[in-house]
Amino acid sequence: MSIRFVIIGGGPGGNTAATVAARLGAEVTLIERDLVGGAAHLWDCIPSKAMIATGGFLSELDRARVMGLAADGCLDIEALRERIASIETKLQRSISGLLSSQGVRIIAGTGRLKGPGQVIAETETGVEELDADAILLSTGSRPRIPDWAPLDGERVLTTRQAYPPPEMPGHLVIIGSGVTGVEFAHMFRSLGSEISLIVSRQQVLPGKDPEVAAALEAEFLRRGVHLYKGARAAGIDLDGAELAVRCDDGRVVRGTHAVLAVGSVPNSDMLCLDAAGVTADAAGYIPVNHHLQSSVPHIYVAGDLSGKLPLSSVAAMQGRKIAEHVMGLHTSNHRHLDYDKAASAIFTEPEIADVGLAEAEAFAEGRKLRVTKVPYSSNAKALIEGDSRGFVKIISDPATGVVLGGSIVGRGAAELISVLAVAVTCNLKVVDIADALLVHPTLAESLHDAAE
Ligand SMILES: Cc1cc2nc3c(=O)[nH]c(=O)nc-3n(C[C@H](O)[C@H](O)[C@H](O)COP(=O)(O)OP(=O)(O)OC[C@H]3O[C@@H](n4cnc5c(N)ncnc54)[C@H](O)[C@@H]3O)c2cc1C
């Protein structure tokens, strides 16, 4: 008899696990209360990057003069809304088609645990009880809403209410300067809004390489973004067409709209974890071992709910690893997920991407490193494209030459970091990158130069 695998939540964690397990022969049921593809497709990665792409296009038009062209752009907010919806529909159809072709049963409803081997699916037509040999909880997370924020979905918004908002903000105050905050600052600035960014620490992107954060801050200042450093929002007063964000140090930041980018909370509260004996931490995340098993071995956790790296790419990889473990495919040489080797990107201008060891952290630990940095200003393709801001940095072990990490700031960073991600995952040496015969002229040649 095949293994009965029940999955609650159809985001990248859940739908990848479903596809892989079904392909390997499991009888898979996926319960999704909204649309497969998850928040990743509906609310987070896809709509934000679609809006950034439109903003990027407007920036390109701004640069048209550099290229010897005269061009003008005017935002059509309805067309943008339709474009985002059409991308989401295409991606959802593609995932649903893949799941159906693998024989995955999709239940449109809300799932919760009934016992260690039982799941309840509540649908519009009633309640169904499902017996399971293995269960995956992949219900993701939702934006954190501080109790001082008078959220109304029109002027005070979560990130999910801003794709695009009912009206384009004249002056948007963004509360939070992590990855989401800076992407929103870039996105709305490119689309024409005035931006004030509340930065709780002394640099945007806390925890990132200070040189990388400084490059982004410099660009923000050049583009007229107002940075309020060392300020924590503590309240918002609405006053006619204006609003005022009060900070705990007494400063007041005025604008027309505010967006909250202050982190997320896990969707574990409705899962009835106690019914199955699954343990969560104080914040509601579910701790897992390296096989992504919860405190109950046949109940697995993937994605944001696991409290690991909140990235769609990580959720999908966790889903794949879980499916393989459920189907008994893990062997002694099976590679566990190494979160320290996950590549990530920030889709701002300049684009930022990094992987592996962070230089500042490693130096603080007293580790010996070889760091080579090459500016884009010496790259032929960057000069041809009229945008030579940024750099490529490779961090390696001086004794062995093994690539330990790297950062890229500038055009194509999110694509180019893949080269360093493969190098870091496969323990390649800098000489392996230097020896590769690359295409000329390309931005990738800067990786080559940094590896020499
Ligand atoms: C603004 C923003 C931009 C981002 N951009 C990127 C990016 O560019 N790249 C990247 O890698 N990551 C990005 N992320 C992170 C990424 O969106 C998440 O890490 C990813 O969505 C996590 O996937 P998941 O499978 O855990 O859950 P989700 O994608 O959140 O999916 C969970 C699913 O579970 C369903 N669900 C919840 N509870 C139940 C229930 N009880 N029963 C049934 N269904 C349920 C939900 O409806 C949802 O469909 C971004 C995040 C934000 C906030």
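Of the 12 residues of helix H1, 11 are buried, so this helix is largely enclosed by the rest of the structure; a residue counts as buried if 20 or more other C-beta atoms, placed from the backbone, lie within 10 Å of its own. Helices (H or I, at least four residues) and strands (E, at least two) are DSSP runs numbered from the N terminus. This is a predicted model, in which local features need pLDDT of at least 70, side-chain atom pairs count only at pLDDT 80 or more, and totals for chains, interfaces and linings use all residues. Residues are numbered from 1 along each chain as its sequence is written.

Among the buried residues of H1 are Pro-12, Gly-13, Gly-14 and Asn-15, and their cover includes strand S1 (4-8), strand S2 (27-32), helix H2 (38-42) and helix H4 (77-101). Just after H1, Gly-25 takes a positive phi of about 110°.

Elsewhere, helix H3 (residues 45-62) and helix H5 (residues 179-190) pack at an angle of about 45°, with their axes 8 Å apart, the axes being lines fitted to C-alpha atoms over the stretch in contact and the angles running from 0 to 180 degrees between N-to-C directions. The contact, which requires C-beta atoms placed from the backbone to lie within 7 Å, is made by residues including Ser-48, Met-51 and Ile-52 of H3 and Glu-183 and His-186 of H5.

Conventions:
Two residues are in contact if their C-beta atoms, placed from the backbone, lie within 7 Å.
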